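Have the structure open as you read.

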Amino acid sequence: MAIAIRAEGLAKSFNGTAAVRDLDLEVQPGELLALLGPSGSGKTTFLRLVAGLESPTAGRILFDNEDATALSVRDRRVGFVFQHYALFRHLNVAENIAYGLRVRPRATRPADAEIRRRVADLLDLVQLAGLGKRFPTQLSGGQRQRVALARALAVEPRVLLLDEPFGALDAKVRRDLRRWLREIHDRTGHTTLFVTHDQEEALELADRVAIFNLGNVEQVGTPDEILDHPATAFVAGFVGEAVRLPVNVASSSLRIGPHQLRISCGKVTGPAELFVRPHDLALATDSQPAILARVLAVRRTGPARRAELALADGLPTVEMELPAGHTARKGDILPVTLVNLRLFASR
Amino acid sequence: MSDAAHNGWALRTTPRRSQWFPKPSALPGFGITFGFAVTYLSLIILIPLAVLVARAGELGLDGIWRVATTPRVLAALQVSFFISAAAALINALFGTIVAWVLVHYDFPGKRLLDAAVDLPFALPTAVAGIALAALYATNGWIGSLFAPWDIKIAFTPLGILVALIFIGLPFVVRTVQPVLQDLDREVEEASATLGATRTQTVVRVVLPALTPALLTGVALAFARAVGEYGSVIFIAGNMPFVSEIAPLLIVTKLEEFDYAGAAAIATVMLGISFVTLLAINALQAFSRRRFGHA
Amino acid sequence: MRNGVLSESPAVRRTLIALAVGFLTLFLVLPLLAVFSEALRRGLDLFIAAFAEPDTQAAIGLTLLVAAIAVPLNLLFGISAAWAVAKFEFPGKSLLVTLIDLPFSVSPVVSGLVFVLLFGAKGLLGPLIDDWDFKIIFAVPGIVLATIFVTFPFIAREVIPLMQEQGTAEEEAALTLGASGLRTFLTVTLPNVRWALLYGVLLCNARAMGEFGAVSVVSGHIRGLTNTMPLHVEILYNEYNFVAAFAVASLLAGLALVTLVAKSFLEGRYGDQLARAHRH
């Protein structure tokens, strides 16, 4: 399949501080790719490099296998949705959306009637029909977000780039808009990149997720691949509610604090890091190797009950989902085993 | 990958290329706008001022000193300096009261009065000068009130004081007013809940927060007053050694074609402004650090 | 806030208001009234007659001419400097911003003096200019230069902070939508700063028309030729022609009042689109 966007050895530094380092990434046509990472990991810089708002210190960017590195922002035909929307405050909603069409050279500029029709269509698409005469200051955050998206779509971009599209909105609006963005994407089929630091958002919304760290991509994959098969310790620690435990691996046994667990550890030996999520722990049956853990607290998370467990002094506490009807209480000692092993050798 | 990576540290690398000028940006037009701005600034402001300093420099430092310490020049500098300082202090007091009243109280005509504070910025100095002279002369509306006690205001140093108060007032009010407005009401309320009387709150909480802005305003008023010419010469009387201000002496020197002498006095005055400017900048930097606003 | 702990007592309040009103009346309101009162002291006829004088009309004409040259040039400078300073990062930026305010701390007389030292008969370039048979000092070009000098910062200091505050996001958005640099400037940047520009132009113009000290030094006071309105006021006043002096002065005072009203209007109506210092 053709590649929509390809970054090759891309690097960008500001004042000698590297924001993006030797980054390679391929984006498939029509996919919705989330760029997920902690703040300062280079995801927004990467997005701005794709848009042409920054020029790379090194490397290339290809659109449809053509080198676009030297293309100016104007000529890249990207639809960029800014974190704080960057709506033109002196233009009303319809004028904002029409802007990209109106600034075209006369030869390629659509007729006024056509522009009006396109604006009306886009207002429908983003469910803002009838608000075309409003000014940005008269809109709610969610509405502004949708105007920004309509404005970006109006120029029929090759790729849609969204920088923290829901970052400035409250939780309820975020969830609604998230679903709605997915619908729009399914309907329009634009290749879409969006930056987020919210993993729930990335995992729920995206076809694939690129995990950013220290200016580079740690892993690209579907949400399932990222969650179930993290490629690096960073990914394992960043995604999911994992607790990181320092462990030691020697001859097919795992040492966690004072505990020794006979369990197959694959190729990892020596000091390692174990990432534990609530679902990775289970009550051990009699035949299974088990750690005796003390229940510190039991709390309700939605329909399930979770026990907070102390494995040993000096280790972080872990959480475990309790089977329905289990009557564990604070102070109980439970036999616990690992059903899922996410283990990375320490560096 | 270690745990430290979680925080997404910024990595430091040595820049391979020399520093960009400017830093690269997607926006165009830096070259032409920066080029025009700097050229225009240099032609209109920097080169002429440099010529002034160079001209004074021809006299050498001791030459400037000699010009500046001739009795008449020294007297004029003292008149300018001390009356400007006095006017700035009077404005500190009344300017703060005006700002306070405009921010805190409501009364008829308040908006009009608020707008009037900017009058000295907008009214040409020559107009202010002849108006003040007419008003404070012994036969003027205000001057005649003082005449029975044999107090003359216009055409004496007191007249200079009046003109410099007029010129400096908006600087104090307009620097203090916004700070007073932004002052967190909750802080005053906190002070009251802790048992302070209103006077204690004002003296211990409000005024200290106001001090940097007030000092800045006073310094601005002072700097403006030292150089003021138009409004003063009409009301001053311009008696050498008594009511002659330094800017007037520059004009006198010019009329005698003593360019070097004029440049020397001007340089001394530039020096005073420069020191005042430095003080203002230091104050604002301090205020930003200490209070988070300038 | 009737609570005595959170607010001053009525007596204190009344005293403070009286002090403020009294002080402003004494120093601001009365001088303004005096201008008009003195101008009309001998009746409307003499007031109007003052403007029939050819010298007065020449002074008005020259003042308008000088402002018509100085204000647009400073406007161009203000916009250029603001674009460079607000939209780009470069070393020496804060120095540039500080230098722009420099004329505010220079005495008007010194502002005129520097051009005499440059272009005067005994000035640095004086002989050169003499050879070309072109006069700057004691002529209109000198007056224009001195006026530009003293009004230099007015527009720049209104636009720069506002543009800095507005950042570059809207311009970047316009570029991603395919607008050219110039187009972006005209359709996005300029509309966002138009009221601040107007505000700066108002103040710049008021000062340009009213400048006295700097212009006085370079003008030579040639009646009908190099006299601006403020200089003409001085000449009439020194000739004890008080009615005419105050009549011309009242025209300038009227300009000041119009400026103040327009300024208050802008602050009230478009305060959110001005530099932060003018928002109420």
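The side chains of A:Asp280 and A:Arg342 form a salt bridge, with N and O 2.6 Å apart. (Salt bridge here means a side-chain nitrogen of Lys or Arg within 4 Å of a carboxyl oxygen of Asp or Glu.) A:Asp280 sits in the loop between strand 14 (270–276) and strand 15 (281–283) of chain A, while A:Arg342 is in strand 20 (residues 342–345), so the pair ties together parts 62 residues apart in sequence. Strands are DSSP runs of E, at least two residues, and helices are runs of H or I, at least four, both numbered from the N terminus. Both partners are tucked away: A:Asp280 is buried at 3% relative accessible area, and A:Arg342 is buried at 5%. Buried means under 20% relative accessible area, with a 1.4 Å probe and protein chains only.

A:Arg208 and A:Glu31 also pair up, at 2.8 Å from N to O. A:Arg208 belongs to strand 9 (residues 208–213) of chain A and A:Glu31 to the loop between strand 2 (17–27) and strand 3 (32–36), so this link spans 177 residues of sequence. A:Glu31 counts as buried, at 6% relative accessibility.

## Ground rules

This is a predicted model: local features need pLDDT of at least 70 and side-chain atom pairs 80 or more, while totals for chains, interfaces and linings use all residues. Side-chain values use heavy atoms, without hydrogens and water; residues are numbered from 1 along each chain as its sequence is written, and chains are lettered from A and ligands numbered from 1 in the order written.

## Other salt bridges

Over all chains, the whole structure has 47 salt bridges. In chain A, a network of them links A:Arg174, A:Arg178, A:Asp198, A:Glu200, A:Glu201 and A:Glu204. Over in chain B, B:Arg224 bridges to B:Glu228 with the closest N and O atoms 3.1 Å apart, and both residues are buried.

## Where chain C meets chain B

Here 90 residues of chain C are in contact with 87 of chain B, contact being heavy atoms within 4.5 Å. About 8,000 Å² is buried between the two chains, 81% of it from carbon and sulfur atoms. That buried area is the accessible area (1.4 Å probe) the two parts lose on being put together, summed over both.

How many salt bridges are there between chain C and chain B? The count is two. The side chains of C:Lys263 and B:Asp118 meet in a salt bridge at 2.2 Å, N to O. Helix 1 (residues 10–39) of chain C gives the largest share of the side touching chain B, with 19 residues.

Notes: Buried < 20%, exposed > 50% of the residue type's maximum accessible area, 1.4 Å probe, protein only.
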